[in-house]
Amino acid sequence: MASEFPAGFLIGAATASYQIEGAVQEDGRIPSIWDTFSHTPGKTWNGDTGDIAVDHYHRFEQDLDLMADLGLQAYRFSIAWPRIVDADGQTNPAGIDFYSRLVDGLISRGIRPIATLYHWDLPQHLEDAGGWLNRETAYRFAEYAAEIAKALGDRVHTWTTLNEPWCSAYLGYGSGAHAPGLADGAAALRAVHHLNLAHGLAVPQLRRHSSNRPAVSATLNFHVVRGDDQEACRRIDALANRAFTGPMLRGEYDADLLEDTREVTDWSFVQEGDLELIHQPIDLLGVNYYSTVTVRMWDGEGEHVRNDGHKDMGGTPWPGSEHVEFLAQPGPFTDMGWNIAPDGLEDLLVSLHERYPELPLMITENGAAFPDVVATGEDGPCVHDELRVDYLVRHFAAAQAAIARGVDLRGYLVWSLLDNFEWGFGYAKRFGIVRVDYETQERLVKDSGHWLRQTISAHRQRSALEAPTETDA
C-alpha cells in the first residue's frame, strides 16, 4: 500500500488546541468562545468542557514520545490564540514558550510541525466586540499571525491560517451548533467574509516574518455534494465550498452565491479592495474530508429532510438555501452518523486538481469516530478498532487512486492522534488512533495506531529505495 505514495509524501496525524490541551486558566491564557460556550448549559453533551480535555498542555512530552513511537512524519496542531495575545494586545511569553517547546520537540524527533493559527478558539474579548461579525477581528488576527510567525517561523514546516472557516461561520453564527452560538443567516455570511479577509491579511504576515520560508496554506472542509437535482447541488456547493475558494483562490464571490443569498444580506460588508487582500497566493491547500451529502430541492410537501450531519440547535447553516433537503445517505456509518464513502475523497481530490491544477493538496484531516471497547489481550489492554482500520485502509487507497489520476497530493494527516473533546458532542465520540482514559489520562495505542505505524514504516522504506543516489543525480 504505502509503496504507492511518492517519496516526500508525509503521513501523520492531527489535533486541535481546545480539544486536547486543557490548562485553560494557566500561564496567562485568557478565555475563548469555546470556554464560554461549553460552560453554557445545554450547549454540549453532558455539559462537557475543554477545561482539562486530555491534559496535553502538561503531557506534551509524553505525547511527543508517542508520536515518535508511531513514526509520524508530520504532526498538525493548532495554536490557541488566547494563549498568545492578551486582551490588551500584548504577547504572552508563556504561551509562545509552550509552542516553541512543542515545535522543538517535534523537530528533535524528526517530525515536521504543521501549525494551524485558528481552529475555532477565538478570544472571548474579541467576540464581545463583535467577533467575526466585526472586520477589525480580521486585523487582530493578522497581528497575531505576525507575532507567532516571529516566534516560530524559523522552524515550522507549514502554516495553516484557518481550519474549516465553514464551521466557524455557518455553525458558529448561522445554526448555533458551535461557539459563539448565534442563529442568524446574515451574521453567518458576514462571518464568512471576515474569515476570508483574516486569511488574506495573515498570509503576507506569515511570509514576512518566517525566516525558513515555510509553506503557507488554508484548510477547508469541502462538502462533496451528490444528487440528481442540479439546482440543489449548485446552491450547496456555492455556500459550502465556493464561498471560500472563490475569494481565496480566484479573488471573487461567484454571482450565483450573491444571488442565492440576496434576501439574506446585501453583502455591503465587502469593502473596496477586500477581494484583492483575500486573494493571496498560497503554497498548499488543506483538504478535510469525512463524508458526502445528497441533496434535492424541497417541494414544500411532506417532511423537510435535514440529514446534513450537523447538530440541530435551532438555526440553519444554509442561509438562503433553507429549502434544500439533505437526504438520508446509504451506509455504513460512523458513530457520528456520517456515511463512509472513500470514493468521495477520490472524487474531491480529482475535482480540486482539475480546477486548480497548479495548487498542491494535502489531506489535513480524515478519520472516523467509533464506540471503541477496551479488551484484554496477551500483552495487556488493547483496542481492536477493526472498523477504524478498515476506514483508513479504504480512504488511503482512495488517496492513492487520486495520485494515480494525476493529483499532486503532498500528505495525509489522520484525525485524530488522540481521543478528545469533540466540540458539541463533548467526550461522547472517539476519533483517536490512541485511546485516552478520561479519568486517568492514560494513553493506549489502538489497532488503528499500530496500522498507521506499519504503514508509515513501509512508506519510509519505499521512499528510501526511491531516493536518488549520487550516481543517479
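In the predicted model, threonine 160 stands opposite serine 217 of strand E5, a pairing that belongs to the four bridges by which E4 and E5 are joined in the parallel sense. On the E3 side, E4 is likewise joined by four bridges to a parallel strand, and here tyrosine 118 stands opposite leucine 162 of E4. Strand E4 is mostly covered, six of its six residues being buried. Helix H9, spanning residues 185–209, lies across E3 (112–118), E4 (158–163) and E5 (215–221), and runs at about 165° to E4.

These strands form part of a closed barrel of eight strands, in which the order is E1-E2-E3-E4-E5-E7-E10-E13 and the pairing is parallel. From one strand to the next, the twist averages 25°. Strand E1 (residues 10–14) pairs with strand E13 (residues 409–415) through five bridges, again in the parallel sense, and alanine 13 has valine 414 of E13 as its bridge partner.

Because tryptophan 120 lies in the loop between E3 and helix H6 (124–128), whereas tryptophan 423 lies in the loop between E13 and strand E14 (434–436), the pair ties together parts that are 303 residues apart in sequence. Both tryptophan 120 and tryptophan 423 are buried. A further tilted pair is formed by tryptophan 338 and phenylalanine 431, with 6.2 Å from centre to centre and 50° between the planes. This pair links distant parts of the chain, 93 residues apart, with tryptophan 338 in the loop between strand E9 (324–326) and helix H13 (342–355) and phenylalanine 431 in the loop between E13 and E14. Tryptophan 338 has a relative accessible area of 17% and is therefore buried, and phenylalanine 431, at 2%, is buried as well.

Tryptophan 120 and tryptophan 423 also belong to one aromatic cluster, which includes Tyr18, Trp34, Phe37, Phe421, Tyr427 and Tyr438. A ring is involved in another kind of arrangement where lysine 311 lies over the face of phenylalanine 425, at 5.5 Å from the ring centre.

Serine 448 is located in helix H15 (residues 447–466) and counts as buried because its relative accessibility is 0%. When neighbours within four places in sequence are left aside, the residues in contact with serine 448 are Asp385, Arg388, Val389, Leu392, Gly432 and Ile433.

Terms used:
Residues are numbered from 1 along each chain as its sequence is written. This is a predicted model: local features need pLDDT of at least 70, side-chain atom pairs count only at pLDDT 80 or more; totals for chains, interfaces and linings use all residues. Side-chain values use heavy atoms; hydrogens and water are left out. Two strands pair if DSSP finds at least two bridges between them. Helices (H or I, at least four residues) and strands (E, at least two) are DSSP runs, numbered from the N terminus. Axes are lines fitted to C-alpha atoms, for helices over the stretch in contact, and angles run from 0 to 180 degrees between N-to-C directions. Contact means heavy atoms within 4.5 Å. Buried means under 20% relative accessible area, exposed over 50%, partly exposed in between (1.4 Å probe, protein chains only). Rings of Phe, Tyr and Trp (its six-membered ring) pair if their centres lie within 6.5 Å; planes under 30 degrees apart count as stacked, over 60 as edge-to-face and the rest as tilted. A charge sits over a ring if NZ of Lys or CZ of Arg is within 6 Å of the ring centre and within 35 degrees of the ring normal.
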